[in-house]
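Subject: Structure for your review

Dear colleague,

Please find below the structure I wish to hand over to you, followed by an account of what was found in it.

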Amino acid sequence: MHSGGPAPPRRLPAGRRSSLVELTDAGESARRDYAAEQRRAFEEITAHWDSADRLQFARFLTRYGQDASAWTARGGPDGSRSDG
């Protein structure tokens, strides 16, 4: 049983085996803090890069994240999803 925390699951009415996970206010705050720290680190690490290089790298990271999410949704390395 989950005790709350930053992203407690909520049962979906249509499916007993599915849960919807939504961030609480504390979870959203933690997500924003983490994203801000990632941004600060990126800016510090790439401070000496040409602005075009920084932009291109950021685009590649964004594309990688989107493609990784799609890959995971398709089932990862073997292409099969496990719902149980």
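A polar contact is here a pair of N or O atoms within 3.5 Å; within protein, one of them must be able to donate a hydrogen and the other to accept it. Please note also that the model is predicted.

Such a contact is found at the start of helix 2, where a side-chain oxygen of D50 comes to within 2.8 Å of the backbone nitrogen of A52. Helix 2 itself covers residues 51–73, 23 residues in total. From its first C-alpha to its last, helix 2 reaches 33 Å, close to the 33 Å expected at 1.5 Å a residue. Just after helix 2, G75 adopts a positive phi of about 115°.

As to the overall arrangement, the chain contains two helices and two strands, and along the sequence they follow the pattern β-β-α-α. The chain has 84 residues, of which 8% count as buried. Among contacts between residues at least 6 apart in sequence, 5% join residues at least 24 apart. The chain exposes about 7300 Å², and carbon and sulfur atoms supply 54% of that area.

I turn next to the charged side chains. Side chains of opposite charge can pair when their charged atoms come close.

In the pair R31 and E28, the side chains meet in a salt bridge with an N to O distance of 2.6 Å. R31 and E28 are three residues apart in helix 1 (residues 25–45), so about one helical turn separates them. R31 is partly exposed, with a relative accessible area of 42%, and E28 is likewise partly exposed, at 25%.

R39 and E43 also form a salt bridge, at 2.8 Å from N to O. Both residues belong to helix 1 and lie four residues apart, about one turn of the helix. For E43, the relative accessible area is 31%, which means that E43 counts as partly exposed.

R63 and D67 are four residues apart in helix 2, about one turn of the helix. R63 is exposed, with a relative accessible area of 52%, whereas D67 counts as partly exposed, at 44%. Salt bridges that share partners also join E28, R31 and R32 into one network.

Finally, there is a nonpolar surface patch of about 260 Å², made by W49, F57 and L61. Of these residues, W49 lies in the loop between helix 1 and helix 2. W49 is partly exposed, with a relative accessible area of 32%.

With kind regards

Conventions
Residues are numbered from 1 along each chain as its sequence is written. This is a predicted model: local features need pLDDT of at least 70, side-chain atom pairs count only at pLDDT 80 or more; totals for chains, interfaces and linings use all residues. Side-chain values use heavy atoms; hydrogens and water are left out. The expected span of a helix is 1.5 Å times one less than its number of residues. A salt bridge is a side-chain nitrogen of Lys or Arg within 4 Å of a carboxyl oxygen of Asp or Glu. Buried means under 20% relative accessible area, exposed over 50%, partly exposed in between (1.4 Å probe, protein chains only). Contact means heavy atoms within 4.5 Å. Accessible areas come from the Shrake-Rupley method with a 1.4 Å probe; for residues, only the protein chains shown count as cover. Patches are made of residues with over 30% relative accessible area and no salt bridge: like charges are joined within 9 Å, nonpolar side chains (Val, Leu, Ile, Met, Phe, Trp, Tyr) within 5 Å.
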